[in-house]
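Dear colleague,

I am passing on a structure that I would like you to look over. My notes on a few of its residues follow below.

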Amino acid sequence: MKKMWLVLALLVGFSATAKADILIEPYLGYEMGSHTDTTTTAKTELVNMGARLAYKTPVMLWLGVDYNLGVSGNYKPDGQSNMDAKRNTLYAVAGIDLPILLRGWVGYGLMDEIKMDGTGNPKIKGKPVKLGVGTTFLPFISLNVEYIMENIDKVESDTGDWASKGKMDSWMISVSLPLQF
């Protein structure tokens with residue numbers, strides 16, 4: 001009987017000290033921005049949904065991935081017809097949750113593509129970096145603002161591919177549900 005109590009005490013003791021949190025955070029956001037390169041200037045509006053999956057350390061730091069999927073959107077080039085646009089981006093993210101209901105994160109794009117339905121069906125590919133800040137005034141819900149800076153490497157289309165030295169800057173406001181397990 002004493003051995004059973006000893007084993008139980010060890011299990012309870014180790015489980016209290018060895019704590020690992022998994023953060024799952026689905027979000028819904030609205031992105032608006034501008035695209036400029038040598039031949040085109042355009043405005044973008046996208047409705048995005050996505051999720052962050054991260055490992056949360058005991059010292060408020062979290063590391064993981066963020067997948068952003070554009071559900072619908074518009075690409076509005078100056079002087080041309082508008083096109084439907086959809087984003088597909090995967091970020092590596094690192095963030096910190098401060099004890100004053102404030103959180104911040106930075107993300108680097110591992111994979112990025114914005115597809116458009118229109119003349120030539122162009123696809124914009126680049127390397128985005130994003131900075132985000134969120135607050136949790138309401139229980140279980142976080143209100144977030146992100147700034148996304150993207151250097152465009154290449155544009156692919158049905159009529160041919162070309163290198164591009166363009167930039168795309170945008171803001172995204174979102175509502176998320178950070179869940180910890």
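In these notes, buried means under 20% relative accessible area, exposed means over 50%, and partly exposed lies in between, with a 1.4 Å probe and protein chains only. The model is predicted, so that local features need pLDDT of at least 70 and side-chain atom pairs count only at pLDDT 80 or more, while totals for chains, interfaces and linings use all residues. Residues are numbered from 1 along each chain as its sequence is written, and side-chain values use heavy atoms, with hydrogens and water left out.

Leu101, at 45% relative accessibility, counts as partly exposed, and it sits in the loop between β4 (83-98) and β5 (102-117), where strands (E, at least two residues) are DSSP runs numbered from the N terminus. Its phi is near 60 degrees, a positive value in a residue other than glycine.

Asn121 also has a positive phi, near 45 degrees, and is likewise not a glycine. This residue belongs to the loop between β5 and β6 (123-138) and is partly exposed, with a relative accessible area of 33%.

Ser170, by contrast, is buried, its relative accessible area being 1%, and its place is in strand β9 (residues 167-176). Leaving aside residues up to four places away in sequence, Ser170 touches Glu31, Met32, Gly33, Glu146, Tyr147 and Ile148, contact meaning heavy atoms within 4.5 Å. With Glu31 there is also a polar contact between the two side chains, at 2.9 Å; such a contact is a pair of N or O atoms within 3.5 Å, of which, within protein, one must be able to donate a hydrogen and the other to accept it, and residues adjacent in sequence count only if both atoms are side-chain atoms.

Best regards

Note on methods. Helix = DSSP H or I, 4+ residues; strand = E, 2+ residues; numbered from the N terminus.
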